[in-house]
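Subject: Structure handover

Hello,

Here is the structure for your files. My notes on what was found follow below it.

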Amino acid sequence: MAEDTFPLTEYQRDIWTLLVLLPPVASYNIVNSVRLRGPVDPSMLNDCLQDLGDRHDALRLRFGTENGVPFQWVTDGLPEIEYLDLSHERDPRAACLERMETAAAQPMDYTDGAGLFRVTLLREDETTHYLFSMSHHLVVDGLSIGLLVGQLLFDYETRLSTGHSAELPDSSYRRFADQRSRYAGSDSWSADLRFFQDRLADHQPVLFEKAAESTGAAPVARHTFELGPDLIDAIRAESPSLYAHFLAALAIYLGRFHRTDDVVLGIPFGNRRTDEERVTAGTLANVLPLRIGLDQRCTLGELARRIHDQIVESKPHERIGLGSLLRNREEFSPSNRQLFDVVVSKLRLPSLASLSDRVDEYRSYPMGHSLNALQIFLREYGPDEITVDIECAPDVFDADQPIEMLGRRLLHLMTMIAQHPERELRRVDLMLPEEKVAVAQCNSTAHPYDATTTLDREFVRQAHRTPDALAVCGSGTLTYGELDTASDALAGVLRSRGIRRGDRVAVVMERRPELLVAIFAALKCGAAYVPVDPGYPRKRVEHILSDCAACAVLACRDLPLVAERPELPFVFVDASLPAAQPAAATANATDLAYVIYTSGSTGRPKGVMVEHHSVINRLAWMQRTYLLSPKDVVLQKTPISFDVSVWELFWWALAGARLALLAPGGEKDPGEMLEAIASHGVTVMHFVPSMLEPFLDLLEREPERLAQTSTLRLVFSSGEALRRGLVDRFNRVFERGGRRAVRLVNLYGPTEATVDVSYHETHADPAVPTLRIPIGRPIDNIELHVLGSADLAQPVGMPGELVIGGAGVASGYLGRPGLTAEKFCADPFRENGRLYRTGDLVRRLADGSLEYLGRMDSQVKIRGNRIELGEVEDALVSFDAVPRLRWSTTRPAARTWWPSTRLITSSPLRSCGRTWPPCFRRS
């Protein structure tokens, strides 16, 4: 390194690091312009510029590297002012503005030895000029610009009036760099580092997900709004500073958005501690983290005061560079370089009068590209003239969460803090009035249905209407009358065994016509059926039978469990049955129709109790929306332990249609499904997305087999997130005459809310790519609430937990009052209603539909089946070589690891997995 060169300061190195890592962008341009009235002498103005450069060596800095290490030096003189006469253009003002906007968006090359402080004079007409300055953040910061522009214009005015240059202070950035070099590694540096380390202890950065996944800087979206004089007065009367007041509003917003009470913002410190530094031009400013705890019982006024106090406490430690904080974090890694992705700057800009009588307009230009998710500038042009400029990465906000709405919400919060400083954070409602109206309209789903009937009553009514119509086909057939008679006969056997209303009857059967006989027989006794997949491991089957206290176990005689556990109260469906003896229905609409077991977080599956009226409502909506006729055939392919089987098992029976039973195991074989569709004339069926994919694979591989689907008109998909590419493939495969011939409907719902609570019909144009697939809008008599902290409704576009209310909500978990109280609660919007907390993260879109974003816990789904990782943990730690384990749900899949006392081969683990949890299958 040559003698006249010197190292970069820590603040410059932080910028340099990002410049090297990123493609050339304008993120570190600092650009301003002033409009000058009256004639301008370009030559005199250039002399003033050269003197300005002589006074401040930072403007003459150049940069280079040696063995990858950057250095800098000071050159002689600044580039001449560039003069552009645009007065001849058709619209000179527009031409000047466009030229400046274009230049501001161009990255400055900091490696070619060219000047990094450049000034252009643009002529609009004889009496109107624009003084346009453009500099790189390596040589100056935002605070320097006001100083430099002010000195340049003051010197110009002085020369015009006196003929002599003005006496103005000078500064040396090199001297500043030498002084700060002695700070690095000093006791003061260590004390400053400890201060921020203590403040950030145990903090895990919470970033905007999309911005965090982006690489490099991106073009920004921008929105500007003004703070009205009345609001400014109210803020100053209540809060210690307008800046702290604004940060409080922003922290509340970010806390709700990210669902956290621990927010970290980046805030710039001027980092000018002495009189000499306060007039030094150069890169001195430093962006450091401000950690804001959002205690939900804290008042709004107290939050603003706490933030102000924290800034004051941080001020003495402002010299430490952000790079030092990152490098000295225990969690530091090259892929984890961010403590925050929101930076808020407050700039007190020079008043127009203070610059020059000639100046009547001052403009500050956006950076054009953002390294942060949000970059916010509070620009104070005068005591009552404050604007807020928001610049954001384009993938942070969208049409459903527009940047303009962020501005409105910040104004809403700032006004609330000023007017209601005594309000606690947990009482802060972010919803705007029109949003409340829109959400209420989305949840206006009331539609009449028979809330007094039961599934068995409705089936019997249909059987009496069409006794000779074919009801079930597959390995055998049953008419409606035959199914009614056979289920009456089996119900008589159950009653003779003492089965009564309110009991629970387990059904452990494969798909066959007798399965329907068993289910309707249990219901006709007033009992709830408990579906148990016979393919489940024995331990799980035994747990379910014991947990539900099954009074009878309906099965076929060839079930292996019969020989293994003969003491169980088996009733054989394939045995000879006595003559049917119809009996009056005993259950009512609020009795349980079924209990379905789902995976449990503690390793213990839980039984979800669903009432008759909930199923009736679900089926009534389906029939009203996707009408089944007697000509329709529904394919039953879902294992009965999976709640999708509920509508497959009952919808057809209430509509006079037909049910086709896929052969056991056929749910894993797309070819067998095609054979069933063709042979039975199936019109309606269901897929989990993970099985729809191989089904489409087969049709694309063997297009001639598409003819086997000629009767198919309607496909439902649920159980997993339906991907955009899969919808596009579906549209192409089933294209006929330029339009998709088969409807594809995305359903969403947890077992705890009677199968499905929302729906979205995918678009049908094969030529139009699918942009996204919402889970849609609520079905009849269901309300869907998106809630944040303190169970306050989240605004449109903001993520929150999906909480379900209405007719479909289950009555709880069988024998689990504690868990029921945790997941179910009273519905404040509906008398005697219940709400269910799904644990699913969603957001409401601008059109009222919901978008699924993921889980809030460790639950995962495999082939549509819910798995709580607690079950996996329970199984593995029972293996003596696995004393404890940890798991993660990071993408692409859930991962589990453990410390082992010895080498574990794969065979024992496979054996362990076969016994618990269940071997989930495609459906």
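**Cysteines**

Cys-442 is buried, with 13% of relative accessible area. Please keep in mind that the model is predicted. Cys-298 is buried as well, at 4% relative accessible area. As background, a disulfide is a covalent bond between the sulfur atoms of two cysteines. With a cut-off of 2.5 Å between the sulfur atoms, the count of disulfides in this model is zero.

**Salt bridges**

The count of salt bridges is 58. A few of them are described here.

Within helix α16, which runs over residues 455-465, Arg-461 and Glu-458 sit three residues apart, or about one turn of the helix. Their side chains form a salt bridge, with 2.4 Å from N to O.

Asp-591 and Arg-501 make another salt bridge, and their closest N and O atoms are 2.6 Å apart. Asp-591 belongs to the loop between β22 (570-572) and β23 (592-598), while Arg-501 belongs to the loop between α17 (480-496) and β19 (504-507), so this pair ties together parts that lie 90 residues apart in sequence. Asp-591 is buried at 15% relative accessible area, whereas Arg-501 is partly exposed at 45%.

Arg-843 and Glu-851 are also joined by a salt bridge, the closest N and O atoms being 2.7 Å apart. Here Arg-843 is buried, with 8% relative accessibility, and Glu-851 is buried too, with 16%.

There is also a network of salt bridges that links Arg-35, Arg-37, Arg-93, Asp-360 and Glu-361.

**Thr-754**

Where is Thr-754 placed? Thr-754 is in the loop between β31 (743-748) and β32 (758-761). Its relative accessibility is 1%, and Thr-754 therefore counts as buried. A polar atom of the Thr-754 side chain lies 2.5 Å from the backbone oxygen of Gly-808. Leaving aside residues up to four places away in sequence, Thr-754 touches Tyr-594, Val-610, Ser-614, Val-615, Arg-618 and Gly-808.

**A five-stranded sheet**

Five strands form an open sheet in the order β5-β6-β7-β2-β13, and the pairing is mixed. The edges are β5 (82-85) and β13 (359-364); each has a single partner strand, so one side of each has no neighbour in the sheet. From one strand to the next, the twist averages 15°.

At the β5 edge, β5 pairs with strand β6 (residues 117-125) in the parallel sense, over four bridges. Asp-85 stands opposite Arg-123 of β6.

Which helix packs on this sheet? Helix α4, residues 142-162, does, and α4 touches β2 (29-37), β6, β7 (128-136) and β13. The direction of α4 makes about 30° with that of β2.

Regards

How values were computed:
Residues are numbered from 1 along each chain as its sequence is written. This is a predicted model: local features need pLDDT of at least 70, side-chain atom pairs count only at pLDDT 80 or more; totals for chains, interfaces and linings use all residues. Side-chain values use heavy atoms; hydrogens and water are left out. Buried means under 20% relative accessible area, exposed over 50%, partly exposed in between (1.4 Å probe, protein chains only). A salt bridge is a side-chain nitrogen of Lys or Arg within 4 Å of a carboxyl oxygen of Asp or Glu. Helices (H or I, at least four residues) and strands (E, at least two) are DSSP runs, numbered from the N terminus. A polar contact is a pair of N or O atoms within 3.5 Å; within protein, one must be able to donate a hydrogen and the other to accept it, and residues adjacent in sequence count only if both atoms are side-chain atoms. Contact means heavy atoms within 4.5 Å. Two strands pair if DSSP finds at least two bridges between them. Axes are lines fitted to C-alpha atoms, for helices over the stretch in contact, and angles run from 0 to 180 degrees between N-to-C directions.
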